[in-house]
Every structure is written in structure tokens, then in C-alpha cells.
Amino acid sequence: PLPFWTVHRHPNRMPPKNQKGNQKVQKGQKGKGKKAPVKKVVEPTSVWEKKPKNFGIGNEIQPKRDLTRFTKWPRYVILQRKRRVLTRRLKVPPSLNQFTRTLDANTAANLFKMLNKYRPEDKDAKKARLLQAAQAKKDGKEVSQEKPTVVKCGINHVTKLVEEKKASLVVIAHDVDPIEIVLYLPALCRKQGIPYCIVKGKARLGQVVHKKTATVLALTNIKNEDRQQFTQLVTVVKSQYNDAYDEIRKRWGGGELGLKSQAVLNRRLKAAAKDEADKMKYN
């Protein structure tokens, strides 16, 4: 007797012998009436072998992606971005919008070259000057008391110079916070007939006077060798700010729509244009 695990096949279920279509064609043999498919040899177009990358887990290093949207930014970054969006969306009155109208890059570069020539002394220079003056006084020599020609800084100091008409040129930063600190200064300079300009960066103004930031700078006296260059600067500044008062006081800012709002308006305009075209067909 056969073991119990032996599988018995029913004779009727076995495939019949020599049945057509069930014969296996061995490799190298041709079937009857059928041609073996001819493989096309593809010649390589490049010397380098194509090696596609696999970015699955544990394989190739993932490519660099822009993860800006998924970054958790600091709170101050979020606030300044929201403020920038709000100033674009809301309507900004002309008195505030004038601070977005800054000097162009070339004129600003020439202006800062001029300001750097009149930088005030830093702590080390002041210490050396006082030591030299003390040594001269000890030796019985005369000490010169002439005031150096330097840039004036500080909102209260500059305001007083403007009121007394002692300032020759006033430079205001565009990003003062709160803006009310310098809000009145352009109107005051215009009333007193003093040329003024607005430049980018309170930090850039602060570098001139050895500070972190500076809201406003002013020039009072100019050396004779810089007189011609200063006159050209004043001419450009006056044409852009003092003489353009009528244009500045009428120009509002902001009121820009976001991308989504622009898309909605465009869809409405397209729908309205389509309705008009359909009406013209029937008319």
C-alpha cells in the first residue's frame, strides 16, 4: 500500500499524450510555423552608462528640497513678515508712504562716501586725543580747542539744528520703529528750506557714527575740497524730495491684492467677458 501523503492523480485529469499545443519547445529549437523573435541591438548613444537613482528608504541620498514652508521661524521673523504683508494690503497715507521712497543705489553710495569722510572719532581716537592734550598741557604748550567738522546724530540734536537752520543736509532712515519718531522731520525740513533725503537702513546710518543704529544724521559744515561734490548731491536730493512735495503728498501706498484675490478677480472678469460675448451673439 502507498503512504497516506502520496497524491493520487485521476487518470481522466491527466493531460493527453501528444496533444497539439502542449508540447514545450526547448531553447534553440524553432516552433512549427512560428519564427523566433529577433532581438534588436540598441547601440548606446552615450559613452556613459545610464545609472538611474533609487530614492527609496536606505538607498540614494534624498535631493535637496525647499523646506521654507515647513520651517518654524522665530516669532520676530513671523511678526515682521506679517507687518510687511499688512503694509502692502492696507491703504497707507502719504505721510507714511513717503518713507518707502528712498534714494537710488548710486546716489546713496556717493552720499555715504561723503558721510564717511566726516565720521566722528571713536573711543580709541578720543582717548588718544585726550592723552595728547593732557601731555601738551603738562609741558606748558597750547592745546587747540577747534571743534572738528563731523556728522551730527540724534533726533533731538538734529531737530534743533533744523529749527535753527544750521543743518546743510539731513539724512533720515526709512525703517525707524516707531515711525512717529521721524514722521514730522520731512515736513519740518521742507518748511525750513533744508534739503533732506530718506535712505535704506538705520543700521547703515549707525555704522557712520559708531553705533548699532541711527535714526537721522545731519551735516552742518563742509570742507572746501568737498564743496563741489556736496553741491551735486544737494541738487539731486532737492529734485527728488524737496521739489517733489506736491507729488509726495498725494501718493498713497498699499492697496495691493494677494495672489488668491487677484485670481478671483481674474475669474470674474473672464466670466463677465464671456457673458458679454454670448449676449452679442444673440443680438
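**Entry 1: Tyr245**

I looked up Tyr245 and found it partly exposed, with a relative accessible area of 34%. On the scale I use, buried means under 20% relative accessible area, exposed means over 50%, and partly exposed lies in between (1.4 Å probe, protein chains only). Tyr245 sits in helix H9, residues 245–248. Helices (H or I, at least four residues) and strands (E, at least two) are DSSP runs, numbered from the N terminus. I then checked a pair of C-alpha atoms. Those of Tyr245 and Arg190 are separated by 8.4 Å, while the two residues are 55 residues apart along the chain.

**Entry 2: what I am working with**

This is a predicted model, where local features need pLDDT of at least 70 and side-chain atom pairs count only at pLDDT 80 or more, while totals for chains, interfaces and linings use all residues. Residues are numbered from 1 along each chain as its sequence is written, and side-chain values use heavy atoms, with hydrogens and water left out.

I noted the overall figures next. The protein has ten helices and six strands. Of its 283 residues, 24% are buried. Contact means heavy atoms within 4.5 Å. Among contacts with a separation of 6 or more, 82% come from residues 24 or more positions apart.

**Entry 3: the sheet**

In what order do the four strands of the open sheet stand? I read E2-E5-E3-E4, with mixed pairing. Strand E2 (152–153) and E4 are at the edges with a single partner strand each, so one side of each has no neighbour in the sheet. Two strands pair if DSSP finds at least two bridges between them. As background, strands of a sheet pair through backbone hydrogen bonds, either parallel or antiparallel.

I followed E3 and E4. They pair in the parallel sense over four bridges. Val170 stands opposite Tyr196 in E4. Ile172 stands opposite Ile198 in E4. Together, E3, H6 and E4 make a right-handed β-α-β unit. Right-handed means that, with the strands pointing away from the viewer, the path from the first strand over the helix to the second runs clockwise.

**Entry 4: the core**

I looked up the largest nonpolar core and found 46 residues. Such a core is a set of buried Ala, Val, Leu, Ile, Met, Phe, Trp, Tyr and Cys residues joined through side-chain atoms within 4.5 Å. The residues with the most contacts inside this one include Leu111, Val170, Ile172 and Leu219. Elements that give two or more residues to it include helix H3 (105–117), strand E3 (169–173), strand E4 (196–199) and helix H8 (227–242).

Leaving aside neighbours within four places in sequence, Ile172 is in contact with residues including Phe99, Val182, Leu185, Tyr196, Ile198 and Val216.

**Entry 5: cysteines**

Cys189 is buried, at 0% relative accessible area. Cys197 is also buried, at 0% relative accessibility.

**Entry 6: Asn97**

Is Asn97 buried or exposed? I found it buried, with a relative accessible area of 12%. Asn97 belongs to helix H2, residues 94–97. A polar atom of the Asn97 side chain lies 3.4 Å from the backbone oxygen of Arg251. Neighbours within four places in sequence aside, Asn97 is in contact with Val92, Arg251, Trp252 and Gly253.

Most residues other than glycine have a negative phi, and most peptide bonds are trans.

- A cis peptide bond joins Asp177 and Pro178, with omega about 0°. Pro178 is in the loop between E3 and H6.
- Lys165 has a positive phi, near 60°. Lys165 is in the loop between H5 and E3, and at 56% relative accessibility it counts as exposed.
- His210 has a positive phi of about 60°. His210 lies in the loop between H7 and E5, and it is partly exposed, with a relative accessible area of 39%.

Terms used: Polar contact = N/O pair within 3.5 Å; in protein donor to acceptor, adjacent residues only side chain to side chain.
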